[in-house]
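Dear colleague,

I am passing on the structure below, followed by some notes on what was found in it. Please keep it open beside you while you read.

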Amino acid sequence: MTGLAPRPFYVTTPIYYINAEPHIGHAYTTMLADAVARSRRLLGDEVFFLTGTDEHGQKVERAAQAAGEGTRQFADRVAASFRRMCGDLRISNDDFIRTTEPRHFRAVEEIWRRVEAAGDLYKGDYEGWYCTTCEVFVPETQRVNGRCPTCGGKVERLKEESYYFRLSKYRQPLLDFYAAHPGFLQPRIRLNEVRTFVEAGLQDLSVSRTSFRWGIPVPGDPAHVMYVWFDALTNYLTALGFGSGDPAADARVGRFWPAVTHLVGKEIIRQHAVYWPAFLMSAGLPPPARIVAHGWWLMGGAKMSKSVGNVARYQDYVRVFGVDALRYFVMREMPLGQDASFSEDGVLARYNADLANDLGNLVSRTMTMIGRYCNGVIPPGGREADDGLDAALAADVDRTVAAAVGAFERLETGVALQEIWALVRSVNQYIVRREPWGLAKDPDRRHLLECTLYQAADAVRVVAALVDPVMPEASARIRGMLGVGAPTWVGLAAGGLEAGGRLGPVEPLFPRIEGTVEDVRAMATDEAPQTPAAPPAPPAGTEAPPATGTLSIDEFMKVELRVAKVLGAERVPRSKKLLKLLVDTGADQRTIVAGIAEAYEPEQLVGRTIVVVANLKPAKLMGIESSGMVLAASEEGGLPALIGVEGTAPGARVR
Ligand code: MSP
């Protein structure tokens with residue numbers, strides 16, 4: 001692939017209605033599109049990734065009224081929450097479009113004029129049913145018990161003058177297009193459904209409204225605003241610069257259109273696979289190359305949706321598990337095109353099994369052993385052991401690269417992750433079979449020890465590169481530990497790790513979360529959990545049971561107490577008790593979450609010398625990883641007082 005000009009790759013999410021703030025459903029499509037965009041960048045493609053907000057229409061106008069706000073002010077506020085979601089979820093979008101922007105008005109007006117010039121618009125009277133939740137016209141025959149067939153919501157009777165688009169004219173052109181482009185709509189079964197719908201005959205579509213104002217006025221007839229879907233679908237062209245009159249933008253349209261992948265939920269297939277190509281054909285533009293429709297996240301068996309009221313907030317999961325774990329869960333769990341259930345137990349189980357146990361262990365044991373047996377320097381490779389394990393592992397790595405990259409290209413992130421995790425488990429088994437800890441005791445087997453650790457570290461490098469689209473932060477952290485730079489999938493293969501490199505600081509990747517689902521729920525929504533299995537590092541004396549029995553000196557020395565200096569301190573949001581401290585332990589800088597917020601203001605602590613337990617197993621508290629515990633004394637029911645040792649340098653052992 002090297003040497004070839006980069007292929008243009010354009011990926012979009014639906015633009016989201018701003019009648020309410022985002023939930024896991026919106027977050028999912030956005031994370032999926034992000035993983036797709038990142039995977040294409042790793043393949044060397046020239047990527048343009050678009051997301052944004054769909055701000056016009058009656059639904060938004062009514063939501064603003066219900067909130068007692070001006071429509072524009074309401075739109076600005078809710079649109080900002082979708083933009084924030086992109087930052088919160090590490091979304092690498094190249095643009096964020098809002099349909100209330102002037103550039104979008106220009107593009108939509110241009111499409112309207114073209115469609116009008118093609119003779120595809122005429123004025124008539126619309127009388128029928130309308131679902132404001134879905135912003136669709138509902139034919140009499142499709143109502144179910146008088147309600148919308150898609151969302152089950154109430155439909156309203158409309159009777160107003162309207163422009164019509166001659167959709168009926170595009171029945172045959174659409175069928176011809178589907179026949180010529182079998183990959184146009186995926187999964188394929190969806191194309192069959194759409195074909196059946198179109199074959200049955202298409203009715204002309206009402207594309208303007210006069211009964212409300214919050215929309216783009218029809219050129220030359222401002223009593224009408226455009227139907228929100230006519231306006232919304234055009235966003236995909238607006239962002240390329242369509243309608244701006246700028247030659248550079250025209251070139252961009254030429255480059256990225258129609259090489260686009262529209263990712264959508266399955267409820268908006270008709271708008272994307274029937275209306276949109278018909279509008280484009282009418283405007284003299286080619287239909288999009290590919291529409292990929294995914295299933296729904298269900299909560300309690302029903303589609304997660306604001307109108308049902310069964311939504312999960314992405315923020316709660318990010319707080320407890322971190323962004324990468326949420327991204328991993330959704331991309332691992334939902335088979336493309338099918339529905340999947342979202343639950344706290346599901347996320348917790350995957351976190352502990354796949355991330356903490358499988359991947360976390362592999363990375364930690366590999367790094368620790370290179371630290372211990374090779375002074376933190378990547379040892380030389382070499383595959384000459386005669387048990388065949390090394391060659392088999394290298395072959396496994398190469399096979400996994402091919403399988404995972406192929407799955408990402410098909411947007412099957414779940415399949416890609418299954419492949420990668422099969423490799424993670426194989427490397428763990430390889431380590432267990434080779435027993436480097438045994439080899440390390442025998443100087444004659446030094447070569448095999450080095451070869452084993454090299455192979456493990458090399459496989460970890462490949463795993464980090466492959467998980468990068470799904471877990472960009474974890475990938476970067478693993479690469480930081482390995483001391484390797486930004487990944488590429490071009491030429492990714494076993495054996496690419498350079499020997500002699502020095503490992504960076506080793507840190508826990510996904511500390512195990514020992515709590516129950518109830519603890520996790522409490523962490524997400526409230527203060528600390530009631531019965532935390534991994535408790536907030538409590539100041540000594542506050543919660544410890546009374547001392548019983550005696551310790552040997554060896555037992556005591558297992559607790560690594562060290563002097564540390566507080567470099568930074570801040571309150572943990574939504575917690576009365578917890579402070580997040582950044583401390584210098586002499587050997588490293590690390591974060592410790594401590595239950596001392598009721599006794600100390602953060603500013604008082606910076607620069608103070610304290611004592612920490614440096615070798616405590618890391619734990620996640622309110623979504624923050626705490627690596628250690630601070631020592632403090634307190635009387636029964638009293639506030640904690642930190643133990644300090646002024647005049648002692650960070651790192652000094654306390655004993
Ligand atoms: N504004 C239109 C789309 C216009 S595109 C030109 C719209 N907006 S929406 O806010 O309702 O977002 C719908 C999209 O959000 C779905 O197509 C899907 O991408 C995502 N999801 C919303 N709820 C979802 C689930 N419960 N599960 C999975 N995805 C969901 O429709």
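**Helix 13 and what follows**

Asn375, which comes just after helix 13, takes a positive phi of about 55°; helices here are DSSP runs of H or I with at least four residues, strands are runs of E with at least two, and both are numbered from the N terminus. Helix 13 itself, residues 344-374, has a kink of about 40° centred on Gly360, where the bend at a residue is the angle between axes fitted to the seven residues ending there and the seven starting there.

Before going further, please note that this is a predicted model, in which local features need pLDDT of at least 70 and side-chain atom pairs count only at pLDDT 80 or more, while totals for chains, interfaces and linings use all residues. Residues are numbered from 1 along each chain as its sequence is written, and side-chain values use heavy atoms, with hydrogens and water left out.

**The ligand**

Around the ligand there are 24 residues, of which Ile15, Thr29, Asp54, Glu267 and Trp297 come nearest; a residue counts as near if one of its heavy atoms lies within 4 Å of the molecule. By class, this shell holds 12 nonpolar, nine polar and three charged residues, where Ala, Val, Leu, Ile, Met, Phe, Trp, Tyr, Cys and Pro count as nonpolar, Asp, Glu, Lys and Arg as charged, and the others, Gly among them, as polar.

Which backbone atoms lie within reach of a polar contact, meaning a pair of N or O atoms within 3.5 Å? A polar backbone atom of Gly265 is 2.9 Å from an oxygen atom of the ligand, and one of Met304 is 2.9 Å from a ligand nitrogen atom. The shell receives two or more residues from each of strand 2 (16-17), helix 1 (24-42), helix 7 (228-233) and helix 8 (235-238).

**The second largest pocket**

The second largest pocket has a volume of about 1300 Å³. A pocket is found on a 1 Å grid over the protein atoms alone, as an open set of points with protein on both sides within 12 Å along at least five of seven lines, and its lining residues have an atom within 4 Å of a point; points are joined across faces, edges and corners, and the volume is the space filled by probe spheres set on them. Of the 44 lining residues, Arg477, Glu507, Thr591, Ile624 and Glu625 are the closest to the centre of this pocket. Helix 11 gives the most to the lining, with five residues.

Best wishes

Conventions: Polar contact = N/O pair within 3.5 Å; in protein donor to acceptor, adjacent residues only side chain to side chain. 1 Å grid on protein atoms, 1.4 Å probe; cavity = no way out; pocket = protein on both sides within 12 Å on 5 of 7 lines; lining within 4 Å.
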